[in-house]
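Open the model in your viewer and keep the sequence panel beside it. The stops below go from the whole chain down to single residues.

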Amino acid sequence: MPHIYKKIELTGSSSVSIEDAVKSAVAKAAKTVRNMRWFEVIETRGYIENNEVAYWQVTIKIGFTLEESDPV
């Protein structure tokens with residue numbers, strides 16, 4: 001049976017790194033989304049405070065497979 005995927009878009013943030021911002025968004029989604037399979041980075045930006053990078057924001061799309069009973 002072929003897989004059918006659905007995508008959601010999230011923005012994670014972190015004062016540590018871009019990777020940490022992605023991990024934050026995936027971890028939050030994992031609390032309510034089942035069958036996550038992949039992510040793609042859509043946008044990366046940062047916030048500057050006192051002439052230094054204060055935190056990163058990364059917008060991602062997460063793809064997950066639908067179950068038989070899920071509406072499309």
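Predicted model: local features only at pLDDT ≥ 70, side-chain atom pairs only at ≥ 80, totals over all residues.

Residues are numbered from 1 along each chain as its sequence is written, and side-chain values use heavy atoms, with hydrogens and water left out.

**Whole chain.** Select all C-alpha atoms. Along the principal axes they fill a box of roughly 55 × 20 × 15 Å. The radius of gyration, taken over C-alpha atoms, is 15 Å, whereas a compact globule of 72 residues would have one near 11 Å; the globule rule is 2.2 Å times the number of residues to the power 0.38.

Next, show the surface. The accessible surface comes to about 5,300 Å², and carbon and sulfur atoms hold 51% of that; the areas come from the Shrake-Rupley method with a 1.4 Å probe. Of the 72 residues, 21% count as buried, meaning under 20% relative accessible area (1.4 Å probe, protein chains only).

**Core.** Select Ala-21, Val-22, Ala-25, Ala-29, Val-33, Val-58, Ile-60, Ile-62, Phe-64 and Leu-66, the 10 residues of the largest nonpolar core. Such a core is a set of buried Ala, Val, Leu, Ile, Met, Phe, Trp, Tyr and Cys residues joined through side-chain atoms within 4.5 Å. Helix H1 (18–30) and strand E3 (52–65) each supply at least two residues of this core.

Which residues does Val-33 touch, not counting those up to four places away in sequence? They are Ile-8 and Phe-64, where contact means heavy atoms within 4.5 Å. In the protein, residues 24 or more positions apart account for 64% of the contacts with a separation of 6 or more.

**Loop.** Move to the loop between strand E2 (36–49) and E3, and select Asn-50, which is found there. Its phi is near 55°, a positive value in a residue other than glycine. Asn-51 is found in the loop between E2 and E3 as well, with phi near 60°, also positive.

Are these two residues buried or exposed? Asn-50 is exposed because its relative accessible area is 70%, and exposed means over 50%. Asn-51 is exposed too, at 77%.

Definitions and conventions:
Helix = DSSP H or I, 4+ residues; strand = E, 2+ residues; numbered from the N terminus.
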